[in-house]
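Q: Could you take me on a close look at the enclosed space inside this model, and at the parts around it?

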Amino acid sequence: MDPFSYLAVLISIILGFGITQLLNGVGRLLQHRHRVRVYSPTLGWVGLLLLLHVQTWWAMFGLRSYQQWSFVAFLVVLLQPIILYLLAALALPDVSLENAGDLRANYYDHSQWFFGLAVLLLAASLTRDRVLAGHFPNQLNLSVHALLLLGWGAGAITRREWYHRLLVPYTALLMAGYIAVLFRTLP
């Protein structure tokens, strides 16, 4: 077994836990739909987090030819799946608990941590490229990271509802373009 195949197992497990967290949350919403107050930004972020999990897994295939694995390099790579899992854990409340069915209240209770972690996710992505490749990603990739950093950083600071409602389609458009241009085929 080559080193990447061995290391990819743990990456896949953590990403799988994040996807499971999101899908379980959606299942709980469906089960308790009669007592859940839906909030569209929450549902939008659930969809975007699913996309981010899958895109991260897809992009990790690009590491298959990397040969200089060290423990530190592997820890840097693991940061992204770990942060994605934590974002998934914050995205939806456990609606089976009393008073946990207000998705809007849950969203704003966790928005600073959620978007703070999202900014950390971008930093982890850039750090991974710097550590493994010895340089930051190309200009287009870096530009998308910068635009997401601006949007998500502001999301951590503001509680203005109009902004959070616009942040979902803003992120969706950026991610759609990012994936279409940079990740259309396996790296």
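A: Let's start with the term itself: on a 1 Å grid over the protein atoms alone, a cavity is a set of points where a 1.4 Å probe fits but cannot get out, and lining residues have an atom within 4 Å of a point. Grid points are joined across faces, edges and corners, and a volume is the space filled by probe spheres set on the points. The model is a predicted one, in which local features need pLDDT of at least 70 and side-chain atom pairs count only at pLDDT 80 or more, while totals for chains, interfaces and linings use all residues. Residues are numbered from 1 along each chain as its sequence is written, and side-chain values use heavy atoms, with hydrogens and water left out.

With that in hand, the structure holds 1 cavity of 30 Å³ or more, and the largest cavity contains about 90 Å³ of space. Its lining is made up of T42, W45, L90, A91, N106, Y107, H110, S111, F114 and F115. By class, 6 of these are nonpolar, 4 are polar and none is charged; here Ala, Val, Leu, Ile, Met, Phe, Trp, Tyr, Cys and Pro count as nonpolar, Asp, Glu, Lys and Arg as charged, and the others, Gly among them, as polar.

Helix 2 (40–60), helix 3 and helix 4 each supply at least two lining residues, with helices (H or I, at least four residues) taken as DSSP runs numbered from the N terminus. Helix 4 gives the most, with 6 residues.

Spanning residues 103–133, helix 4 bends by about 60 degrees at S111, one of the lining residues. The bend is the angle between axes fitted to the seven residues ending at a residue and the seven starting there. At the start of helix 4, a side-chain oxygen of D102 comes within 3.2 Å of the backbone nitrogen of R104. Just after the helix, G134 has a positive phi of about 85 degrees.

Another lining residue, Y107, has a partner: its side chain makes a polar contact with that of H164 at 2.8 Å (a pair of N or O atoms within 3.5 Å, one able to donate a hydrogen and the other to accept it, with residues adjacent in sequence counting only if both atoms are side-chain atoms). H164 belongs to helix 6 (residues 161–182) and is buried, at 0% relative accessible area, where buried means under 20% (1.4 Å probe, protein chains only).

Finally, helix 3 bends by about 30 degrees at L79, with a proline, P81, following within four residues.

How values were computed: On a 1 Å grid over the protein atoms alone, a cavity is a set of points where a 1.4 Å probe fits but cannot get out, and a pocket is an open set with protein on both sides within 12 Å along at least five of seven lines; lining residues have an atom within 4 Å of a point. Buried means under 20% relative accessible area, exposed over 50%, partly exposed in between (1.4 Å probe, protein chains only).
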